[in-house]
Amino acid sequence: MSKKYNPGVYCWRNLRTGKVYVGSTVSLKRREAEHRRRLKRGVDTNQYLLMAWRVDEKNFSFEILEHCTTEQRLKREQYWIDKLRATDRACGYNLIPTRKSQLYGKALSDRKSTRLNSSHSDRSR
């Protein structure tokens, strides 16, 4: 089995500018295909990366930064975001400086969590 199926940390690198987008996943091969599909369709949620892709698609490469366990991946992703300065607009495309959870680096406060839960229960009535 290819190592691309393993969990790990990856980046999309703009070979012309050197800017990077850093991410992590439980399946590197699947994530690369998903990213590429969303970028080509123009529906990626990171508009900064999407705009750069539209202008310079041929100069982007997908790179595996490291393989790691599923449990280590968010910590290792944070390491690479910091090391490559991926949230610095001069160096990268990442929008959020910290990666603490699957919720784009932000743990919900109890108050916010309560509001979200109540808004969902109101809709089901």
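**Exercise 1. Which residues of α1 and α2 meet in this predicted model?**

Solution. Start with α1. Its contributors are H35, R36, L39 and K40. Now turn to α2. There the partners are L49, L50 and W53. Contact here means heavy atoms within 4.5 Å.

**Exercise 2. Describe how the axes of α1 and α2 are placed.**

Solution. Two values are needed, because a packed helix pair is described by the angle between the axes and the distance between them. Take the distance: the axes of α1 and α2 come within 9 Å. Take the angle: they cross at roughly 75 degrees. Angles of 65 to 115 degrees count as roughly perpendicular. Therefore α1 and α2 are roughly perpendicular to each other.

**Exercise 3. Check the length of α1 against its residue count.**

Solution. Helix α1 covers residues 28–41. At 1.5 Å a residue, its 14 residues should span 20 Å. The expected span uses one less than the number of residues.

**Exercise 4. Which residues of α1 are buried, and why do they line one face?**

Solution. List the buried residues: L28, R31, E32, H35 and L39. Buried means under 20% relative accessible area. Next, look down the axis of α1. The buried residues fall within an arc of 100 degrees, so they line one face of the helix.

The buried residues of α1 pack against β1, β2, α2 and β3. The face turned away from them carries the exposed residues K40 and R41. After the helix comes G42, with a positive phi near 80 degrees.

**Exercise 5. In what order do the strands form the sheet?**

Solution. Three strands form an open sheet, ordered β2-β1-β3, with antiparallel pairing. The edge strands are β2 (20–25) and β3 (60–67), and each pairs on one side only. From one strand to the next, the twist averages 25 degrees.

Look at one pair. Strand β1 (residues 8–14) is joined to β2 by six bridges. In this pair, V9 stands opposite S24 of β2.

**Exercise 6. Where do the helices lie on the sheet?**

Solution. Take α1 first. Helix α1 packs on the sheet and touches β1, β2 and β3. Its direction makes about 35 degrees with that of β1. Then take α2 (residues 47–56). Helix α2 lies across β1, β2 and β3, and runs at about 130 degrees to β3.

How values were computed: Residues are numbered from 1 along each chain as its sequence is written. This is a predicted model: local features need pLDDT of at least 70, side-chain atom pairs count only at pLDDT 80 or more; totals for chains, interfaces and linings use all residues. Side-chain values use heavy atoms; hydrogens and water are left out. Two strands pair if DSSP finds at least two bridges between them. Helices (H or I, at least four residues) and strands (E, at least two) are DSSP runs, numbered from the N terminus. Axes are lines fitted to C-alpha atoms, for helices over the stretch in contact, and angles run from 0 to 180 degrees between N-to-C directions. Buried means under 20% relative accessible area, exposed over 50%, partly exposed in between (1.4 Å probe, protein chains only). The arc is that of the directions from the helix axis to the C-beta atoms. Angles under 35 degrees count as roughly parallel, over 145 as roughly antiparallel, 65 to 115 as roughly perpendicular and the rest as oblique.
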